[in-house]
Amino acid sequence: MHNVRISIPSFRSEDNPIEKGYTVFKIEVLMNGRQHTVKKRYSEFHNLHKMLKRSIKPPEIPSKHVRNWIPKVLEQRRHGLELYLQTIIMENEVLPKIFLDFLNIRHFPSLPKTESCGSFETESEESSKLTHQPAMLYHRDPYLLPSTHDTFCNVVIEGVIHGIFYPDLQPR
């Protein structure tokens with residue numbers, strides 16, 4: 001199963017002097033413990049549906065023509081769109097690029113539903129090599145002021161400050 005959770009917890013009506021009012025749906029995307037929000041109009045869902053039909057058989061999308069000024073109808077549409085997105089995730093082994101773009105999700109190599117991080121037994125030596133440089137890890141936010149008893153952090157900060165502002169100054 002994909003490590004993506006989708007919900008549409010709310011919607012709001014927008015008024016625009018150029019065009020008639022419309023509804024914006026707030027989509028919460030949770031992937032690998034990180035959450036972000038995407039706001040989409042129904043017309044964007046409808047465009048996604050048309051594009052998905054080229055590569056997969058998407059589920060039915062809620063009707064385009066509704067009385068979108070009635071709260072109960074909008075709530076039904078919100079729920080229907082939420083089910084629509086969740087069904088696409090559940091029914092597809094590989095999520096289409098257009099779907100990931102719609103949700104502002106970075107593209108990752110395709111993995112079968114049963115694997116979320118790949119399998120150690122089936123990985124080749126070549127595919128398990130890092131493709132990036134190791135990163136320095138911090139136990140806490142390095143941009144916060146260090147505590148008074150943390151002398152190592154003071155040395156690091158002083159070194160960075162001296163390196164940036166006094167590059168010609170030699171250390172003692």
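The structure is a predicted model, in which local features need pLDDT of at least 70, side-chain atom pairs count only at pLDDT 80 or more, and totals for chains, interfaces and linings use all residues. Residues are numbered from 1 along each chain as its sequence is written, and side-chain values use heavy atoms, with hydrogens and water left out.

The protein contains four helices and three strands. Helices (H or I, at least four residues) and strands (E, at least two) are DSSP runs, numbered from the N terminus. Read from the N terminus on, the order of the elements is β-β-β-α-α-α-α. Of the 172 residues, 27% are buried, a term that stands for under 20% relative accessible area, with exposed meaning over 50% and partly exposed in between (1.4 Å probe, protein chains only). Contact here means heavy atoms within 4.5 Å. Among the contacts with a separation of 6 or more, 44% come from residues 24 or more positions apart.

Strands of a sheet pair through backbone hydrogen bonds, either parallel or antiparallel.

Strand 1 and strand 2 run antiparallel and are joined by nine bridges, with Arg12 opposite Val24 in strand 2. Strand 2 and strand 3 are likewise antiparallel, over eight bridges. Here Glu28 faces Thr37 in strand 3, Val29 stands opposite His36 in strand 3, and Phe25 has Lys40 in strand 3 as its bridge partner.

Axes are lines fitted to C-alpha atoms, for helices over the stretch in contact, and angles run from 0 to 180 degrees between N-to-C directions. The axes of helix 1 and helix 2 come within 12 Å and cross at roughly 30 degrees. The two helices are therefore roughly parallel to each other, since angles under 35 degrees count as roughly parallel, over 145 as roughly antiparallel, 65 to 115 as roughly perpendicular and the rest as oblique. Their contact is made by Tyr42, Phe45, Leu48, His49 and Leu52 of helix 1 together with Arg77, Leu81, Tyr84, Leu85 and Ile88 of helix 2.

What holds the inside of the model is seen in its largest nonpolar core, which has 25 residues. A nonpolar core is a set of buried Ala, Val, Leu, Ile, Met, Phe, Trp, Tyr and Cys residues joined through side-chain atoms within 4.5 Å. Ile6, Ile27, Val29, Phe45, Leu85, Phe99 and Leu103 have the most contacts inside this core. At least two core residues come from each of strand 1 (4-14), strand 2 (22-31), helix 1 (42-52), helix 2 (71-91) and helix 3 (97-102). Helix 2 gives the most, with five residues.

Two residues show the packing in detail. Leaving aside neighbours within four places in sequence, Phe99 is in contact with Leu48, Leu52, Leu85, Ile88 and Ile89. Ile88 lies in helix 2 and is buried, with a relative accessible area of 0%. Not counting residues up to four places away in sequence, Ile88 touches Leu52, Ile56, Pro59, Leu95 and Phe99. The C-alpha atoms of Ile88 and Lys57 are separated by 9.0 Å, although these residues are 31 apart along the chain.

Methods: Two strands pair if DSSP finds at least two bridges between them.
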